[in-house]
Amino acid sequence: FPDASSCVAEMMFAISVLDLPFKPGKRTTARDGDRVTLEGSTPLLLVRKEIKEAAPSTGESNILVSEAFYRVDDRHHFDGREKRDKYVTDEFVAGVSYGCRVVLTNPTAVTQKLDALLQIPQGALPIQRGFETRGIEIRVGAYSTENMEYGFYFPQPGTYSHYPVHAAQDGKLVAAARPATLKVVATPTSVDTASWGHVSQRGTTEQVMAYLDSANLQRTDLTKIAWRLRDRDLFSKVIDRLRSRHTYDHVLWSYGLFHEDTDAAREYLAQADGFVRTCGPWLDTPLVRIDPVERLAWQHVEYYPLFNARAHRFGPRHQIANVELARQYDALLHILSSRPALDDNDWMSVTCYMLLQDRVTDAFEAFARVNPERLETRIQHDY
């Protein structure tokens, strides 16, 4: 029954076939040192888990284990075009979020079933729905690797010991990482002044601009400097620099509304798809311009071969028998109804869809409204 836990329905079904009451009765618990006595008034299931001392395995163990720490907000660096892990090996800073990566490697041809014991450092508190101590059952396939991560932070500076990951098999210790003593400081003694994490938060305006000039912006989290863009002068410099490098960031451009910068606000709203969808199929204002063709909301399509089932109207209303053509024609009418006046391109579209419906007289009337001199291309008109 413990395996029936993939969803609530499965768990409820598993409980329903057990001889357990849906509502448990009152129970009493008594403690005497390390001894705990539990007395239940109704049938119950007791699941117990404990940490016990494991003797080292007497046989040869091929399991490899490693453990490394990293800053959650600065866990990678680039060596040229190569992305590499950036591990913390010297000191930790109080109040900063850290992560620990544990890697178990099985170089043998047989799958290994292991029990891993993980623990955050002494003096640390868990984050990201973490834990203080946890035992995990894990299966490592042949010639494969499994990794686990957990997060923590130190609320106070000091020197703390860390009990490393231990892996056991059949109650015997088979592998463990090296224990460590971690030094936690209030202010770091050495800072990577070239990192974006430092420049974005503590760098000068000149350092920020120099970084934007030289860094690969496609792998730079530009939102880290969003808090600085309340300064109008810095906002203008950053936006101009990013434009020159053909880079756009939605969060940074949103400050165009805060500073009432028309160009930046226009570019921001053009990318705000959720807002644009509420503005109708067509709009032309100083800040928002919606062209359904440019935004891929509507496009001309070709129906070939298209045969209309009837040449004459059947009933009081004109009906389009082709469902796809009817849907496309309705979409066009919805767009045209949002425009204050139809231009020559619009009348060309109307002409096309009148012909598709065999409404030749209406097509001639629409075509007569077209001034070919105002069309971007005349080939469709001449054809």
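How many Å² does the accessible surface of the chain come to, and what percentage of it belongs to carbon and sulfur atoms? The accessible surface amounts to about 26,100 Å², and 51% of it belongs to carbon and sulfur atoms; accessible areas come from the Shrake-Rupley method with a 1.4 Å probe, and for residues only the protein chains shown count as cover. The structure is a predicted model, in which local features need pLDDT of at least 70, side-chain atom pairs count only at pLDDT 80 or more, and totals for chains, interfaces and linings use all residues. Residues are numbered from 1 along each chain as its sequence is written, and side-chain values use heavy atoms, with hydrogens and water left out.

The chain has a radius of gyration of 34 Å, whereas a compact globule of 383 residues would have one near 21 Å; the radius is taken over C-alpha atoms, and the globule rule is 2.2 Å times the number of residues to the power 0.38. Along the principal axes, the C-alpha atoms fill a box of roughly 100 × 65 × 50 Å. Of the 383 residues, 32% count as buried (under 20% relative accessible area, with exposed over 50% and partly exposed in between; 1.4 Å probe, protein chains only). Among contacts (heavy atoms within 4.5 Å) between residues at least 6 apart in sequence, 61% join residues at least 24 apart. The chain contains 12 helices and 18 strands, which are DSSP runs numbered from the N terminus (helices H or I, at least four residues; strands E, at least two).

The largest nonpolar core has 31 residues, of which Phe 92, Leu 104, Tyr 150, Phe 152 and Phe 154 touch the most other members. Such a core is a set of buried Ala, Val, Leu, Ile, Met, Phe, Trp, Tyr and Cys residues joined through side-chain atoms within 4.5 Å. The largest share of this core, four residues, comes from strand 8. Beyond four places away in sequence, Phe 152 touches residues including Phe 69, Tyr 98, Cys 100, Ile 120 and Leu 125. A second, separate core of 26 residues includes Leu 234, Leu 252, Tyr 255 and Tyr 268.

Four strands form an open, antiparallel sheet in the order 4-8-12-10; two strands pair if DSSP finds at least two bridges between them. Strand 4 (64–71) and strand 10 (125–127) each have a single partner strand, so one side of each is left without a neighbour in the sheet. Strand 4 pairs with strand 8 over eight bridges in the antiparallel sense, and Leu 64 stands opposite Thr 105 in strand 8.

Another open sheet, of mixed pairing, is formed by five strands in the order 3-15-14-9-11. Its edge strands are strand 3 (55–56) and strand 11, each pairing on one side only. Two bridges join strand 3 to strand 15 in the parallel sense; Ala 55 stands opposite Lys 172, and Pro 56 opposite Leu 173. Strand 14 (residues 166–169) runs antiparallel to strand 15, with four bridges between them, and Gln 169 has Lys 172 as its bridge partner. These two strands form a hairpin with two residues between them, and Asp 170 in the turn has a positive phi of about 55°.

Ser 195 lies in the loop between strand 16 and helix 2 (196–202). This serine is buried, with a relative accessible area of 11%. Not counting residues up to four places away in sequence, Ser 195 touches Asp 74, Lys 86 and Tyr 211.
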